[in-house]
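Trainee: Could you help me read the features of a new model? I would like to take them one at a time.

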Amino acid sequence: MVTAVHAGALAAALFATGSAIAHDYTVESNGVFSPPNATVKSTALTYDQALVPAGSQIRVYQHTATNKTTTVELWVTGVKPNHLFGVHVHQKACGTKPADAGKHYQNTPGMDAAHVNNKNEVWLDFKSDAAGKGHASATHTWAFRKGQASSLVIHSEPGTKGARAACFSVPFGGAS
Ligand SMILES: [Cu+2]
């Protein structure tokens, strides 16, 4: 009986290898926010210093396993205390203008409610604590398409309606 279960698991594992990726992928990026017009260019840009002051810090971790399970985790310090922020992974790197980061990264592209949600996109909405610290984590069963997820945008409110308060360029990856 034990042998039969084992054989079944093995068959399932072999069947799954068709869509697996060769290597797991890990990236961890740290940044200190500065305004876009700062002399020294940062990978972390703030467009609204009332919410994300210059000097506040961000750390982002991504891990994608060979079965494509992808976890993205976010830590911030020094942001506005007791505030609800919206956060998404966006397609392009941060730039001088908030819009430069482009649209949300989506596993399956689409503009309706079936596609614009935290299952098909990576949302890391969080509420900062009284000290201005925040943390969020999201796990999906799919991997990023290489080169198509390039930043994390912090918005002024949760969900999809908030203005872009800050942006952090991250070399997300995972799928070949
Ligand atoms: Cu966004």
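Trainee: Which residues does valine 87 touch, not counting residues up to four places away in sequence?

Mentor: Happy to start there. Two residues are in contact if their C-beta atoms, placed from the backbone, lie within 7 Å. Valine 87 touches Leu74, Trp123, Leu124, Asp125, Phe126, Ala136, Leu152, Val153, Ile154 and His155. Bear in mind that this is a predicted model, where local features need pLDDT of at least 70, side-chain atom pairs count only at pLDDT 80 or more, and totals for chains, interfaces and linings use all residues. Residues are numbered from 1 along each chain as its sequence is written.

Trainee: What is the mean pLDDT of the protein chain?

Mentor: pLDDT is the predictor's confidence in each residue, from 0 to 100. Here the chain's mean is 90, and 89% of its residues reach 70 or more. Over residues 1-17, however, pLDDT stays under 50, and the model has one contact beyond four places in sequence for them. Where pLDDT is low, the predicted coordinates should not be read in detail.

Trainee: Which members of the largest nonpolar core touch the most other members?

Mentor: Such a core is a set of buried Ala, Val, Leu, Ile, Met, Phe, Trp, Tyr and Cys residues joined through C-beta atoms within 7 Å. Buried means that 20 or more other C-beta atoms lie within 10 Å of a residue's own, again placed from the backbone. The largest core has 34 residues, and Val87, Leu152, Ala166 and Phe168 touch the most other members. Strands (DSSP runs of at least two residues, numbered from the N terminus) that each supply at least two core residues include E5 (84-90), E8 (151-155) and E9 (164-169). E9 gives the largest share, four residues.

Trainee: Why is E8 largely enclosed by the rest of the structure?

Mentor: Because five of its five residues are buried. Ser151, Val153 and His155 point one way from E8, while Leu152 and Ile154 point the other way.

Trainee: How many bridges join E5 to E8?

Mentor: Strands pair if DSSP finds at least two bridges between them. Five bridges join antiparallel E5 and E8, with valine 87 partnered by isoleucine 154 in E8. Another five link E8 to E9, also antiparallel, and isoleucine 154 stands opposite alanine 166 in E9.

Trainee: In what order do the four strands of the open sheet lie?

Mentor: The order is E1-E3-E4-E7, with antiparallel pairing. At the edges are E1 (25-32) and E7 (134-140), each pairing on one side only. Eight bridges join E1 to E3, and valine 32 has glutamine 57 in E3 as its bridge partner.

Note on methods. A residue is buried if 20 or more other C-beta atoms lie within 10 Å of its own, exposed if 12 or fewer, and partly exposed in between; C-beta atoms are placed from the backbone.
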